[in-house]
Amino acid sequence: MKPNSITRCLLLLVLSISVHAGADAPDPLLQTFTELAPGVWLGNRPDSTRLPVTPNTTFVIGADGVVVFDGGNLPLVADRVIEKIRALTDLPVTHLIISHWHMDHVLGVSRYLHAFPQVQIIAHPYTRELIARYLAQHDQDMRNTVSDNAPEIAAMLEKDAQSTKPVIDAKTAAWYQQFVDDSELLEAQYRNFVPAYPNLVIDGNLSLFSGGRDILVQSLGTGNTPGDLVMWLPQEKILASGDIVVWPVPYGHGGHPKEWAQTLRKLAAMDFAWLIPGHGDVQTKPVYMELLGATLESVSSQMTLFVAQGMDQAAAKTALDLSSFEAQFTGGDAFLAARFDEWFTDPIGTAAWLIARGQDPEIVQ
Ligand SMILES: [Zn+2]
């Protein structure tokens, strides 16, 4: 398998996966916790491109319970978030919001039900439907994510290292090797997750009040998926976006670029002090969202034109030119440029082409 197809495979299976090579690197599921405002905490795995990609977790300690937004990509991550919450308060987690259906936002959910049996698991109806559909079709693929991929990656690295003309640069090789080194810990996580589903679906807005604290759960339209929810804390001006915003390079799988750009405009117009993206560093300004929105608009308009000209998918994707945007995401870094191509340009090109032909771009049909 070529490097590109392996990373795509990992991301598609996991939709869940910095170069941190070395035996002394912290384990890949270790988050740091930061209090952004009184009682509002961010759990962040510092290296956002490290495999498996690991979403940011936000939790809010209210007067009568704790609200969690995206509670962890895997059971161990969820357990660590719960452990952190219990170290801070005796209050239970009353609500867990799942931003969207991708598995890196889902596989830790059962741990909240285990720890807090009364917890309300909130998601958009589309998210509930897609979680069920995905797990019905790919449950075993998910469980085999590491056992299927780590040996292939190890063999690929070995072959490349022994080649007279290696094609994998040192940074990318270290990135892959880190995943192989972490595989024992990770395999147990994927192998043994317990499926869990939202028990409260909302197609609109939901206001939660906990003492003097307001917590708004909002559906602002199609973003990274048609079922995205965001969490807005108006007093603290903290916005958790889910994967509508992913930094430093976005994920394009199954995306609807035109509607996604419109939703980004709504987010960018909100008067936030902190934007917590689905993955990556917290933002304090809308600059990155505006760049992503402009990029998505370009994807949509280019693909609409290419399909009108009768291009097939391969020709249209070859013609898709995002070079003027890409450098703004990657700063010219070759490793990030490769991730941008694999995680954004390639999948969003496919999705936009399907949409321009009137088809559903969702990766699970
Ligand atoms: Zn994600």
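**Aromatic pairs and charges over rings**

Modeller: The model is a predicted one.

Biologist: How are the planes of F329 and F340 arranged: stacked, edge-to-face or tilted?

Modeller: The ring centres of F329 and F340 lie 4.9 Å apart, with 40° between the planes. Planes under 30 degrees apart would count as stacked and those over 60 as edge-to-face. The pair of F329 and F340 is therefore classed as tilted.

Biologist: Which helices does the pair of F329 and F340 link?

Modeller: The two residues are 11 apart in the chain. F329 belongs to residues 323–330 and F340 to residues 334–356, which are helix α11 and helix α12.

Biologist: How many aromatic pairs does the structure hold?

Modeller: The pair of F33 and F59 is also tilted, at 6.3 Å centre to centre and 55° between the planes. It links strand β1 with strand β3, across 26 residues. In total, the structure holds 10 aromatic pairs.

Biologist: Why does F33 count as partly exposed?

Modeller: Buried requires under 20% relative accessible area, and exposed requires over 50%. F59 counts as buried because its relative accessibility is 0%. F33 counts as partly exposed because its relative accessibility is 23%.

Biologist: Over which ring does the charged end of R339 sit?

Modeller: Ring pairs join W175, Y176, Y251, F335 and W343 into a cluster. The charged end of R339 is 4.5 Å from the centre of one ring of this cluster, that of F335.

Terms used:
Residues numbered from 1 in each chain as written. Predicted model: local features only at pLDDT ≥ 70, side-chain atom pairs only at ≥ 80, totals over all residues. Heavy atoms only, no water. Phe/Tyr/Trp six-rings, centres within 6.5 Å; stacked < 30°, edge-to-face > 60°. Helix = DSSP H or I, 4+ residues; strand = E, 2+ residues; numbered from the N terminus. Buried < 20%, exposed > 50% of the residue type's maximum accessible area, 1.4 Å probe, protein only. Lys NZ or Arg CZ within 6 Å of the ring centre and 35° of its normal.
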